[in-house]
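Please walk me through this structure in the viewer, telling me what to select at each stop and what is found there.

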Amino acid sequence: MANTECMSDVAQLRGVSKRFGDFTALDGIDLTVPAGEIRGFLGPNGAGKTTAMRILVGLLKADAGTVEVLGGDPWRNPQVRADLGFLPSDPGLYGRMRGIELLDHFAALSQREPVLRQRACDLLRMDDADLARPVRTYSKGMRQKIGVLQAVQHDPALLILDEPGEGLDPLVLAGLVELLRDRRDAGRSILFSSHVLAEVAALCDRVTMIRNGRIIGEGTIAELSDQQGRTVILHLAVEDAVIDLPGCSLVDRTGARVTLTHHGEIRPLLTALAALDLRDVRIEEVSLDTVFMDYYRDEALA
Amino acid sequence: MSGPLIARLIREQRVRLPLEVLLIAAWGFLLVAVFATSDVFTKQLQAQAEQFGGLLDLVGLDPLAQWASVGFQHPIFLLGGGLFAVGLGVRAIAGELEAGSLALSLSRPLARRSWFLSHLVVLVIGCLIIGEAYALGCLLATVFTSPMGHLETSWMLLAGVQGGLLLLALGGIGFVFSAFSSERGRALSWSVGVIVILYAASFLLPLWEPTEQLTKITPFGWFDPAPLLQRGEVAWGDWLVLALYAAVPLAVAAWQFARRDLAGG
């Protein structure tokens with residue numbers, strides 16, 4: 001269960017815009033990350049996720065709008081970043097340092113004790129021998145692991161992770177999911193982007209979707225799924241039976257097989273289905289993949 | 001300033017800087033040793049000494065001091081010192097931005113001003129060490145090779161500081177291109193290009209009378225340690241201009257770094 005003792009927002013973007021020359025990366029977006037919540041940040045490549053995250057960290061300055069992270073503006077006040085952990089999508093690590101030296105260095109820069117290092121190392125399967133090696137000898141997965149470690153080791157109040165699961169094997173990924181849930185349960189907040197929708201579905205309390213620099217959807221995965229409706233597949237006993245079900249719209253009809261989309265309360269639908277002569281019926285919640293694809297269909301077609 | 005950052009920068013230089021210092025010290029030693037052992041030079045100097053007696057000392061034209069001052073302005077000194085100064089400047093912003101490490105460091109409670117000042121501290125220390133390395137190399141050679149002439153220790157050490165100031169100016173050029181770029185290669189190319197042009201101008205402009213005074217537009221035009229090494233004369237005006245040559249690009253770089261987006265990496 002998420003910690004709900006403090007429900008104030010630890011990070012907020014209000015009407016934030018950002019342009020790079022003629023290209024509008026963000027167009028007046030609102031984004032909040034409440035305390036004790038894991039917020040998924042989804043969007044296709046170039047949608048504006050990384051730009052928004054870099055503004056939250058204070059690496060980019062917003063052209064318009066307000067930015068507040070942990071009670072301050074990260075662009076103007078670097079001290080607010082003391083309680084922040086950040087993993088960029090392609091973290092640059094000092095290759096000549098040994099893993100342990102790298103972690104010590106970033107802990108010193110954070111001005112915090114690395115209280116969570118050992119637990120995170122255990123969950124991410126990083127042992128002392130790994131940490132004793134120079135970072136330049138690490139594989140992509142190892143580099144990603146130490147990237148996550150440097151972000152979480154000081155147990156920050158807000159974690160901003162840009163595709164943290166990239167390059168991790170399933171075992172380590174499971175450890176990462178456990179680590180992030182663990183932090184959420186301890187009251188920490190996490191904003192993370194990922195292209196692995198199953199990871200997002202398994203982990204996130206809420207999801208924000210962005211496209212072309214604009215927020216196009218936000219809510220729990222159940223809410224987003226509800227917006228997309230349920231899929232109802234009927235196998236009729238009589239092929240040409242008339243179908244008129246509450247809240248349903250026809251998607252496809254091939255012989256006795258009818259595919260419908262349903263929005264709204266499920267009970268009236270079940271009552272109506274009970275009155276039909278059916279050989280089979282399937283009602284499926286829309287998966288996050290489907291939600292994602294529906295939201296971005298226009299872009300995919302383009 | 002950030003202690004952990006300075007510690008990392010020094011650690012990164014633990015091999016390169018000592019090598020460059022050794023190179024520069026060896027250059028100073030070699031220059032004086034060559035001066036001392038060259039038959040032609042020795043004979044000429046002996047003849048001059050016999051002819052003029054103590055006259056050379058009276059007018060302050062010690063050939064060894066002149067020889068040592070040439071070494072300060074030689075491309076080997078500038079290359080050895082410039083490698084450190086420009087290399088540090090170029091890596092400080094553009095290099096780390098391109099590598100992606102700047103984003104990790106500046107996601108900490110570390111102000112960009114602190115990042116810049118920490119690099120500046122290491123730059124100043126390194127430039128001074130390299131300048132003094134040349135001076136000490138020359139002085140050491142006078143002990144082992146007993147050349148004709150004299151190098152005053154305090155003047156040599158002061159000239160080493162002046163040499164360090166010139167390297168600082170070169171480092172400032174590296175920093176300014178680094179602050180305006182997101183690619184290490186681009187910043188390095190511009191820095192080296194501008195420094196080579198300035199160095200060439202400092203040689204070519206004096207060859208033609210109408211452009212002779214224009215040599216003062218380059219930092220090299222304000223760096224002549226000969227009067228100091230020969231007569232102990234400190235041209236404070238030249239020092240001041242050289243310091244401005246270092247300070248102005250560094251200030252511009254600091255200003256640009258503080259306001260720029262860090263989107264690369």
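Which side chains meet D261(B) or its partner in a salt bridge? Select D261(B) together with K18(A): their side chains form a salt bridge of 2.5 Å, N to O, where the term asks for a side-chain nitrogen of Lys or Arg within 4 Å of a carboxyl oxygen of Asp or Glu. Across the interface of chain A and chain B the rule finds two salt bridges.

Before going further, note that this is a predicted model, in which local features need pLDDT of at least 70 and side-chain atom pairs count only at pLDDT 80 or more, while totals for chains, interfaces and linings use all residues. Residues are numbered from 1 along each chain as its sequence is written, chains are lettered from A and ligands numbered from 1 in the order in which they are written, and side-chain values use heavy atoms, with hydrogens and water left out.

Next, select both sides of the interface, where 31 residues of chain A are in contact (heavy atoms within 4.5 Å) with 30 residues of chain B. Colour L59(A), Y94(A) and L109(A), which supply 27% of the area that chain A buries against chain B, more than any other three residues; buried area here is the accessible area (1.4 Å probe) that two parts lose on being put together, summed over both.

Finally, centre on L104(B), which is buried at a relative accessible area of 0%, the cut-off for buried being under 20% (1.4 Å probe, protein chains only). Leaving aside neighbours within four places in sequence, L104(B) is in contact with residues including F86(A), P88(A) and F106(A).

Note on methods. Buried means under 20% relative accessible area, exposed over 50%, partly exposed in between (1.4 Å probe, protein chains only).
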